[in-house]
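Dear colleague,

Please find below the structure that I am handing over to you, together with its sequence. After it I set out what was found, region by region.

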Amino acid sequence: MGVPFDNQCGRIHYDVIYYFSRYKINRPEYESFLLSTLDTIALPTQDDRAYEIVRFMARDSVIDAREWKVGLNTITRVGDYSLSTYLGYLIGKSKSSQQEFQERVDTYFRLAANKKIGLPIAISANQAFFEMMEGLRYNRSLQPYVYEKYSSTVTLDVRSASSIYSELETMFKEEGRPVVKATIIGWLADFFNNHVDEKSGEHLYDLALSSQPTNNEDRNKKIAIEFPAADLKILVDRCRDRFSEYAMKVPYKSQQEDRINFCIANGIAIPGVIPTFPEAEIILKGNDLNKQLDAMKMLVQMGNRPKPLESALIGLFSKRSLDDKKKLTDIQALAITTLGNIKTSQPEAITYMTSKLRSYE
């Protein structure tokens, strides 16, 4: 302690800090000396000692009252991206009580609101929010409190909205508490309904399509945990209009098909693309085989929902075509599958379906 702690002679202290941390050596008088030193560092972002001392303080995941006071005083002088690292050690990795955690978070945001964090220029409300969320990546179970109480302070533009979406998506997929998980998916729904920009459709469908099963069973098990069916239903029910609005706003046909199939599976209408049942009935009773085939490809994905179209589906069996027999056969095959999905008990349907059991087509 007789060696001055500056960046020349003080290099010995970096070794002391390293070995004390490695071998879990606790010396209160030395820790007190470090805290006193930390309080004298004018510009922490230009002095490695500040970071090393804060990291040393947090090595046991306990930030006591004095450590918090000095640490808080330090972060008031930090205005760059490293702020999240300081917050991570002082709050994110700390094993404090929920009350203590909330009080410290509230103190931080109160200082930020009063322009008392950051040198030489105070940080913005947006930076204060995102630096805190980033600092809590070590313990994401703490993030919902911050989001619920302080997300309203964020001014949304394309960049900040993308960051909000990213934070919410990660929070949701890593959250293990069902009730909190449902709350977060509700926040996501509110976000999509209240904010629209050029990335909104991409973000909404990226999230929704990440819930879909794959050909990999291990991945499917993970998806079931990350994105429970009940939470997908919340998103679909609350964002139907957004799903419909964004479905066709992609340049590639394959992307459109993915979105259309998602909407079909979840009962989301896309005017002019996915026909309503009355519209589908008119198509099925008409003579345009191309429209009928397109309609049947959608109806067959709807499970038992096309029950109101049972008579129109059965009516397809009496149609004949000399010009395009193959297309009509495909339509009738899809009708058979759809009638199976709705568990038809109509004799004329059963008779036709059983008569086709020997047909390779």
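I begin with Gln256, which touches Ala247, Met248 and Val250 when residues up to four places away in sequence are not counted. Please bear in mind throughout that this is a predicted model. Gln256 is found in helix H15, which covers residues 253–265.

The nonpolar core

The largest nonpolar core has 101 residues, and those that touch the most other members are Tyr108, Phe129, Val146, Leu235 and Phe243. Helix H10 (residues 178–194) supplies the largest share of this core, namely seven residues. As general background, nonpolar side chains in soluble globular proteins tend to be buried together.

Phe243 may be followed in detail. Apart from its neighbours within four places in sequence, Phe243 is in contact with Leu204, Tyr205, Ala208, Leu235, Val236, Phe262, Cys263 and Ile268.

Helices H16 and H17

Helix H16 consists of residues 277–285 and helix H17 of residues 289–299; their axes come within 9 Å and cross at roughly 135°. H16 is therefore oblique to H17. The crossing in which H16 passes H17 is left-handed. On the H16 side, the contact is made by Phe277, Ile283 and Leu284, while H17 contributes Lys291, Gln292, Ala295, Met296 and Leu299. Sorted by class, the residues in this contact of H16 with H17 are six nonpolar, one polar and one charged.

Helix H2 and its surroundings

In helix H2 (residues 28–38), the buried residues are Tyr30, Phe33, Leu34, Leu35, Thr37 and Leu38. These buried residues of H2 pack against helix H1 (11–22), H3 and H4.

The loop between H3 and H4 deserves a separate word. Ser61 has its place in this loop, which lies between helix H3 (48–57) and helix H4 (65–75). Is Ser61 buried or exposed? Its relative accessible area is 19%, and the cut-off for a buried residue is under 20%, so Ser61 is buried. Leaving out residues up to four places away in sequence, Ser61 touches Lys93, Ser94 and Lys95.

Yours sincerely,
A colleague

Notes:
Residues numbered from 1 in each chain as written. Predicted model: local features only at pLDDT ≥ 70, side-chain atom pairs only at ≥ 80, totals over all residues. Heavy atoms only, no water. Core = buried A, V, L, I, M, F, W, Y, C linked by side-chain atoms within 4.5 Å. Buried < 20%, exposed > 50% of the residue type's maximum accessible area, 1.4 Å probe, protein only. Helix = DSSP H or I, 4+ residues; strand = E, 2+ residues; numbered from the N terminus. Contact = heavy atoms within 4.5 Å. Axes fitted to C-alpha atoms, helices over the stretch in contact; angles between N-to-C directions. Parallel < 35°, antiparallel > 145°, perpendicular 65-115°, else oblique. Left-handed = near helix turned anticlockwise from the far one by under 90°. Nonpolar A, V, L, I, M, F, W, Y, C, P; charged D, E, K, R; others polar.
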